[in-house]
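Reader: Could you show me how the parts of this protein model pack together?
Author: Gladly; here it is.

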Amino acid sequence: MNNKTKCYIYTRVSTAIQVDGYSLDAQKDKIRKYAEFQEMEIVGEYSDEGHSGKNIKGRPEFMKMLNDIEGGKDDISFVLVFKLSRFGRNASDVLSALQLMQDYDVNLICVEDGIDSSKEAGKLLISIIAAVDEMERDTIRVQTMAGREQKAKEGGWNGGFAPYGYRLEDNHLYIAEDEVDIIQMIYDRYIHTNDGINGVANYLNNHGYTKKLCQNGTIPGFSASFVKVVLDNPVYAGK
């Protein structure tokens, strides 16, 4: 007869590529070793890849886990996470999710933080750490936005691949001479004819113009959507 304590494990990364120590595989490895050491049986695994910890509703696997707990699917006693920050970074969401779990006699263990909500003062520690994590997230966001604003003021580029008609060099945009004729033609046709975006695309395709295939445009030929993206992009107005 198996008398092991049943548990779920939950892992999360906010981006598809995560630093060592926080990758999904690294989190799962640590949690599984902990469960084995504590003689717990893992009966369910939930994992959100590329989802922020800001809001639990934006994490489908997390919500599925809570629904399974509410439904008493596996009669578990614990949810194991690598760190509390993987469970969530919004203090209110963390505490409300934990309260829901505890209403069904399920507690949270944060392996790396050494926190067990079933222990005395465990929930207090969770509330403190969750508040600190939320402050840290907000601080990073503010600093990131401030850095981007300063970079933009200095003429730097914050937008990933360079728009068609430009090349990116040292984080600054420069006109790509082998693409600029296309951009000029798009604006010229749109402004001085009644073609519309479909007509402009057809004109380019039917008059020998070729689109350079690059990181931001890998589909050969010109489409109405490509023309619209060019016309809607404020970068071409010097902004």
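Author: Let us start with a term: buried means under 20% relative accessible area, exposed over 50%, and partly exposed in between, with a 1.4 Å probe and protein chains only. This is a predicted model, where local features need pLDDT of at least 70, side-chain atom pairs count only at pLDDT 80 or more, and totals for chains, interfaces and linings use all residues. Residues are numbered from 1 along each chain as its sequence is written, and side-chain values use heavy atoms, with hydrogens and water left out.

Reader: Which residues of H8 are buried?
Author: Helices are DSSP runs of H or I with at least four residues, and strands are runs of E with at least two, numbered from the N terminus. In H8, the buried ones are Phe 226, Val 227, Val 230 and Leu 231.

Reader: At what angle do the axes of H6 and H8 cross?
Author: Axes are lines fitted to C-alpha atoms, for helices over the stretch in contact (heavy atoms within 4.5 Å), and angles run from 0 to 180 degrees between N-to-C directions. The axes of H6 (residues 180–192) and H8 (residues 224–232) come within 10 Å and cross at roughly 90°.

Reader: Which residues of H6 make the contact with H8?
Author: On the H8 side, the contact uses Phe 226, Val 227, Val 230 and Leu 231. From H6 come Ile 183, Ile 186, Tyr 187 and Tyr 190.

Reader: Which helices do the buried residues of H8 pack against?
Author: One of them is helix H7 (196–206). Together, the two are H7 and H6.
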